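Here are my notes on the aromatic side chains, as numbered points. Please read them with the model open.

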Amino acid sequence: MVRYGQLVVGPPGSGKTTYCHGMHQFLTALERGVHIVNLDPANDTVPYPCAISLAELISVRDVMEELQLGPNGAMLYCMEYLEHNLDWLEARLAALEHDYVIFDLPGQVELTTNHPSLTRILERLQKQDWRLVAVHLSDATHITDPARYVALLMLALRAMLMLELPHVNVLSKMDLLDDAQQEQLAFPLDYYTEVQDLRYLSDHLAETQPRVARMCAVLGELVEDFGLVAFEPLAVEDQASMLHLLGVLDRAIGYTVEGAA
């Protein structure tokens, strides 16, 4: 049986837990069955109903104490431990009632940029007929700063290349990007969401921030060479915004609501 899932990733503070909670509420309101799997063993107090939690298998605190590791090292160890004990997760997933699952991942960017454990876990799940889409969240307020915006582009691109999944980049917390902030943007909002010609951004910065301009020019050329990165704007509290994103995600994995025309 084919099963479907969203893999929710992004740096700390990007709104992953809020998104998972909001998406669960939204899907429930639409009478679509959904489960949430919390794969962040450091986050054992989540607002959403958690069907499976990695903290049941291993604890970041225990790893830090026993192996004398810092938080990041302990988190990577936990993901490696899950990889070597994936039968535990597979058995728990097989027992779930619904065929649609949201996986809430830790905020350590190493997991989606250079550490191989998550990639190997995903490869094994896909061999078992899981169709997964990566939902990469980025805080929308970062686009107000050109250097941070370019950093978001690079992080999103690296995650896309590393995970090798259908991938949707999301500018979360759009409700925090108020009208005054949007008016201060050098270009209209769709310039940032569609990642249009980044030379305009470097040219805009050339006189005031030449070092940043040079960085934008070099990294922007790299991003445009791949031609992969674009963003969907999202405000979790806005129903129209959530419905649009859900449609994008469903199309990415070929999910069709049972009984739909």
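**Aromatic contacts**

1. Tyr149, Phe187, Tyr191 and Tyr192 are linked into a cluster by ring pairs. Rings of Phe, Tyr and Trp (its six-membered ring) pair if their centres lie within 6.5 Å; planes under 30 degrees apart count as stacked, over 60 as edge-to-face and the rest as tilted. By this rule there are 7 aromatic pairs.

2. On provenance: this is a predicted model, where local features need pLDDT of at least 70 and side-chain atom pairs count only at pLDDT 80 or more, while totals for chains, interfaces and linings use all residues. Residues are numbered from 1 along each chain as its sequence is written, and side-chain values use heavy atoms, with hydrogens and water left out.

3. Phe103 and Trp130 make an edge-to-face pair, 5.7 Å centre to centre with 70° between the planes. Phe103 lies in strand E4 (residues 100-104) and Trp130 in strand E5 (residues 130-139), so the pair ties together parts 27 residues apart in sequence. Strands (E, at least two residues) are DSSP runs, numbered from the N terminus.

4. Phe103 and Trp130 are both buried. Buried means under 20% relative accessible area (1.4 Å probe, protein chains only). For Trp130 the value is 6%.

5. Which residues does Trp130 touch, not counting those up to four places away in sequence? They are Arg3, Tyr4, Gly5, Leu93, Val101, Phe103 and Leu125. Contact means heavy atoms within 4.5 Å.

6. Tyr191 is buried at 3% relative accessible area. Tyr192 is buried, at 3% relative accessibility.

How values were computed:
Helix = DSSP H or I, 4+ residues; strand = E, 2+ residues; numbered from the N terminus. Buried < 20%, exposed > 50% of the residue type's maximum accessible area, 1.4 Å probe, protein only.
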